[in-house]
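Please read the following note with the sequence and the model side by side. The points are numbered so that each may be checked in turn.

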Protein chains: 2
Amino acid sequence: MASATFTGTGDTGSGLSTGAPAGTATTSAHPLIESDRVEGTSVYGADNTHIGSIDRLMIEKVSGQVVYAVVSFGGFLGLGEESFTVPWGKLTYDTDLGGYKTDLSPDQLRGAPSLGRDDADWSDRDRERDLHTYYGVSPYWGL
Amino acid sequence: MASATFTGTGDTGSGLSTGAPAGTATTSAHPLIESDRVEGTSVYGADNTHIGSIDRLMIEKVSGQVVYAVVSFGGFLGLGEESFTVPWGKLTYDTDLGGYKTDLSPDQLRGAPSLGRDDADWSDRDRERDLHTYYGVSPYWGL
């Protein structure tokens with residue numbers, strides 16, 4: 001999906017460039033979430049089935065913008081528990097589900113470039129760019 | 001302070017008011033931070049002394065923007081350990097210090113409207129507005 005799908009109105013703000021299409025969201029009962037409660041938030045597939053959960057968020061230190069979610073897709077891929085770094089724009093918070101929704105398919109995840117803490121590639125912008133290109137979303141750094 | 005007082009150079013960017021201006025940013029060594037490592041990040045005063053640390057961040061679920069930091073100012077106020085909810089725009093990431101800098105004074109903190117988890121006021125926009133007004137920063141929801 002393109003970030004252009006954002007059609008939110010009112011106080012949800014736009015905030016986004018890369019992401020987080022708000023849909024028609026108005027203020028949810030609890031529009032904010034505490035960082036230490038994010039871990040474990042459920043992720044749902046396009047058909048609303050539970051496919052995983054958020055391990056952690058990657059936050060740009062300066063701007064305070066969440067740019068990636070590291071998501072564990074247990075079983076979803078038939079590969080056991082495995083974590084993938086997903087651009088934030090690929091997740092949409094769904095107030096009804098109480099979690100994030102994504103249209104990622106197992107095949108998409110299988111073929112995705114890796115990006116993670118193990119090899120310090122959080123600081124490798126070329127690899128970040130590859131990841132965004134792969135998923136078809138604009139880089140969060142706006143270039 | 002107005003966020004305009006930010007005088008960092010290079011890759012620290014500008015950081016703030018409500019938003020995420022990328023400024024002239026190039027890549028810092030580690031521009032991203034993991035949500036589960038944010039807790040405990042140091043907060044420094046205008047004179048670079050350590051005055052507290054981040055308990056947690058409050059993140060807008062939909063946009064993924066960090067909007068508040070809940071900061072413990074141990075001893076800084078002469079009141080023992082106490083937490084305050086501070087608009088994100090009052091903190092500026094300082095790459096040299098490896099933490100966030102703020103010009104908040106003890107008096108400012110003492111007089112601040114309270115906002116926190118205990119009374120579910122995360123969902124009370126009027127109280128959020130009061131807090132932003134008090135600190136002289138624009139509300140993150142852009143109204």
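1. Ala69(A) has Val86(A) in E5(A) as its bridge partner. Strand E4 (residues 66-72) and strand E5 (residues 83-87) of chain A pair in the antiparallel sense over five bridges; two strands pair if DSSP finds at least two bridges between them. Strands (E, at least two residues) and helices (H or I, at least four) are DSSP runs, numbered from the N terminus.

2. This is a predicted model, in which local features need pLDDT of at least 70, side-chain atom pairs count only at pLDDT 80 or more, and totals for chains, interfaces and linings use all residues. Residues are numbered from 1 along each chain as its sequence is written, chains are lettered from A and ligands numbered from 1 in the order in which they are written, and side-chain values use heavy atoms, leaving out hydrogens and water.

3. E4(A) also runs antiparallel to strand E3 (residues 50-60) of chain A, joined to it by six bridges. Ser53(A) stands opposite Ser72(A) of E4(A). Five residues lie between the strands of this hairpin, where Gly64(A) takes a positive phi near 80°.

4. Is E4(A) mostly covered or mostly uncovered? Strand E4(A) is mostly covered, with seven of its seven residues buried. Buried means under 20% relative accessible area, exposed over 50%, and partly exposed in between (1.4 Å probe, protein chains only).

5. In chain B, Ser35(B) belongs to helix H1 (residues 35-38). Ser35(B) counts as buried because its relative accessibility is 0%. Leaving aside residues up to four places away in sequence, Ser35(B) touches Glu39(A), Arg56(A), Leu57(A) and Ile59(A), contact meaning heavy atoms within 4.5 Å.
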